[in-house]
Amino acid sequence: MSKNQELKRHCPLVPLKGILVTENIANNYNDVSAFCPDPSDLLIATYPKAGTTWVQEIVDLLLHSGDSETCKRAPTPIRMPFLENTARIGMPSGLDLLKAMEPPRVIKTHLPFHLVPKGFWENKCKVIYVARNAKDNLVSYFYFDQMNLTHPDPGPWEGYIQKFMQGQLPWGSWYDHVKGYWQERERRNILYLFYEDMKENPRREMARIMRYLDLSLSDDVISRIVELTSFKTMKDNPMANYNFITKPIFDQSRSTFMRKGEVGDWMNHFTPEQAAEFDEDSEKKMKHVNIPFRTQL
Ligand code: PPS
């Protein structure tokens with residue numbers, strides 16, 4: 001990478017109502033919070049790297065009865081805009097994309113529960129939340145931050161674990177994020193999914209999403225969607241693998257967006273001491289909730 005590109009990576013995080021985000025996300029937040037969805041819009045909310053793209057693809061296919069050609073009409077963030085994302089080279093902002101689309105729309109966000117525009121709750125929009133166990137989520141984020149040149153450089157692994165535990169990564173604390181939606185899931189009718197459950201039994205989780213969306217598809221169609229949304233198929237799908245985002249935004253020579261797609265990859269990264277310290281800290285932060293995370297299958 002040239003020196004110029006290294007310099008462009010200077011993208012400090014700034015506070016936004018209790019979390020840290022990049023400057024452009026913070027500057028855009030007033031407009032985002034004023035966004036008024038249609039009651040028919042669907043929100044897919046996640047902490048970054050929890051399986052957002054996977055669930056987006058599943059939802060798009062469910063909504064189009066497994067029609068893979070229709071679901072190749074455009075890359076993921078054009079089909080299902082990223083609410084708080086600002087305009088980048090060759091890529092309009094999430095809000096601009098949404099303005100040009102007719103409801104019902106499928107919208108992605110990484111905002112924690114307390115920062116989701118109130119209109120989603122006032123209009124009783126459906127919301128799917130996907131959570132992934134902290135250690136795998138952290139590993140995935142570590143690689144993503146190596147290749148996402150719009151995020152601060154992740155630095156060495158050991159220090160990155162500390163940043164994750166202290167909520168110093170873009171979109172703030174993983175712990176607060178997963179707890180925020182968990183605590184509201186019943187009151188707000190949020191479908192709360194786990195990445196690990198989807199890996200274990202994608203068909204079962206797809207059926208849950210289908211019922212939540214009031215759809216009824218045949219077993220054959222569901223089987224086709226299971227195949228179309230396997231890690232391997234999505235990795236090879238140019239409309240789902242983010243290959244269209246290149247430098248100076250993503251440098252996929254450092255790590256690919258569709259990296260490994262596994263449960264338990266954390267075991268290849270954490271030393272036993274790091275895992276013990278992480279688990280002890282995690283237990284304290286999660287002690288008042290009982291979210292059934294699994295770190296291996
Ligand atoms: S982002 O940038 O926050 O929207 O990223 P997100 O899509 O949430 O997470 C990316 C991780 O999800 C993995 N992924 C999948 N896993 C299993 N099956 C399928 N189909 C799939 N699609 C994406 C992707 O590989 C990232 O995880 P890691 O562990 O880094 O491979």
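Start by selecting Gly167, which follows helix H8 and has a positive phi near 70 degrees. Helices here are DSSP runs of H or I with at least four residues, strands are E runs of at least two, and both are numbered from the N terminus. This is a predicted model, where local features need pLDDT of at least 70, side-chain atom pairs count only at pLDDT 80 or more, and totals for chains, interfaces and linings use all residues. Residues are numbered from 1 along each chain as its sequence is written, and side-chain values use heavy atoms, leaving out hydrogens and water.

Now step back into H8, residues 157-165, and pick Trp157, Tyr160, Ile161, Phe164 and Met165: these are buried (under 20% relative accessible area, with a 1.4 Å probe and protein chains only). Look down the axis of H8: the buried residues fall within an arc of 140 degrees, so they line one face of the helix (the arc is taken from the directions from the axis to the C-beta atoms). An α-helix has 3.6 residues a turn, so residues three or four places apart point the same way.

Last stop: strands S1 (residues 13-16) and S2 (residues 19-22), which run antiparallel and are joined by 4 bridges; pairing takes at least two DSSP bridges. Find Leu16 opposite Ile19 in S2. The two strands make a hairpin with 2 residues between them, and Lys17 in the turn has a positive phi of about 45 degrees.

Technical notes. Buried < 20%, exposed > 50% of the residue type's maximum accessible area, 1.4 Å probe, protein only.
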